[in-house]
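Please read the numbered points alongside the model.

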Amino acid sequence: SLQIIAAFAEPFDVNGHAFDLSASVGVATATSNRAMEDLIRDADIAMHEAKIRNRGGVIRFAPAMAAQIESRRALETDLRQAISRGELVLHYQPIIDAETGLISSVEALLRWPHPKEGMIPPEEFIPIAEATGLILPLGEYVLRKVCNQIRSWEDMGLEGFRVAVNISARQFEADVSALVQDA
């Protein structure tokens, strides 16, 4: 497997264009009592783990990986449902002007109060959203909620309030691409 990784170390030349590629290798050990389907599944799980942990590396399958993959899949399903049901919430953290001591703006922070697991931190669900493509509907969800909150504050007479929103690079690229296509 290290020979496979080494084979990808040099760029590939295709019609005069150099392409840098990497390989992630998952290794599962065959025993006489293991079914071929189980061996392939375990190697696939290890390969996905290699992609996540160390792109361009080799990972040997461990039984705990299967449980972790299943947990990620369940969390992905729950996240997909939470987005469609509007179950994620935004907390607004004030940003204080050091000179005046007044709130100058707020930062919108996304939180997920999972009905069974409790509060799931963004560092757990954002990577899953990024890896599965859910980051785009999640970003739209956040932007829509922030805009609605700003409208609500304006209706209450709080105008000129700045709100900082964190968006993923994929969201930014998708929005910029949409703007370019519309132009």
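**Note on helix packing, charge pairs and surface**

1. Helices H3 and H4 meet through two sets of residues: Arg72, Leu75, Glu76 and Leu79 on the H3 side, and Glu124, Phe125, Ile128, Ala129 and Thr132 on the H4 side. Contact here means heavy atoms within 4.5 Å. Helices (H or I, at least four residues) and strands (E, at least two) are DSSP runs numbered from the N terminus.

2. The model is a predicted one, in which local features need pLDDT of at least 70 and side-chain atom pairs count only at pLDDT 80 or more, whereas totals for chains, interfaces and linings use all residues. Residues are numbered from 1 along each chain as its sequence is written, and side-chain values use heavy atoms, with hydrogens and water left out.

3. Two packed helices are described by the angle between their axes and the distance between the axes. For H3 and H4 (residues 122-132) the angle is about 85 degrees and the axes lie 10 Å apart. Axes are lines fitted to C-alpha atoms, for helices over the stretch in contact, and angles run from 0 to 180 degrees between N-to-C directions. The two helices are therefore roughly perpendicular (under 35 degrees counts as roughly parallel, over 145 as roughly antiparallel, 65 to 115 as roughly perpendicular and the rest as oblique).

4. How many salt bridges are there? The count is six, a salt bridge being a side-chain nitrogen of Lys or Arg within 4 Å of a carboxyl oxygen of Asp or Glu. One of them joins arginine 72 and glutamate 49, with an N to O distance of 3.4 Å. Arginine 72 belongs to helix H3 (residues 63-85) and glutamate 49 to helix H2 (residues 36-53), so this pair ties together parts that are 23 residues apart in sequence. Glutamate 49 is buried, at 4% relative accessible area, whereas arginine 72 is partly exposed, at 23% (buried is under 20%, exposed over 50%, partly exposed in between, with a 1.4 Å probe and protein chains only).

5. Arginine 80 is partly exposed at 41%, and glutamate 76 is partly exposed at 22%.

6. Glutamate 87 and arginine 85 form a further salt bridge, with closest N and O atoms 3.8 Å apart. Arginine 85 is exposed at 55%, while glutamate 87 is partly exposed at 27%. Asp38, Arg41 and Asp42 are linked in a salt-bridge network.

7. Is leucine 138 buried or exposed? This residue of helix H5 (residues 135-155) is buried, at 2% relative accessibility. Beyond its neighbours within four places in sequence, leucine 138 contacts Ile83, Leu88, Leu110, Phe125, Ile126 and Ala129.

8. Valine 14, in strand E1 (residues 12-14), is partly exposed at 42%.

9. Asparagine 15 lies in the loop between E1 and strand E2 (17-19). Although not a glycine, asparagine 15 has a positive phi of about 50 degrees, and asparagine 15 is exposed at 75%.
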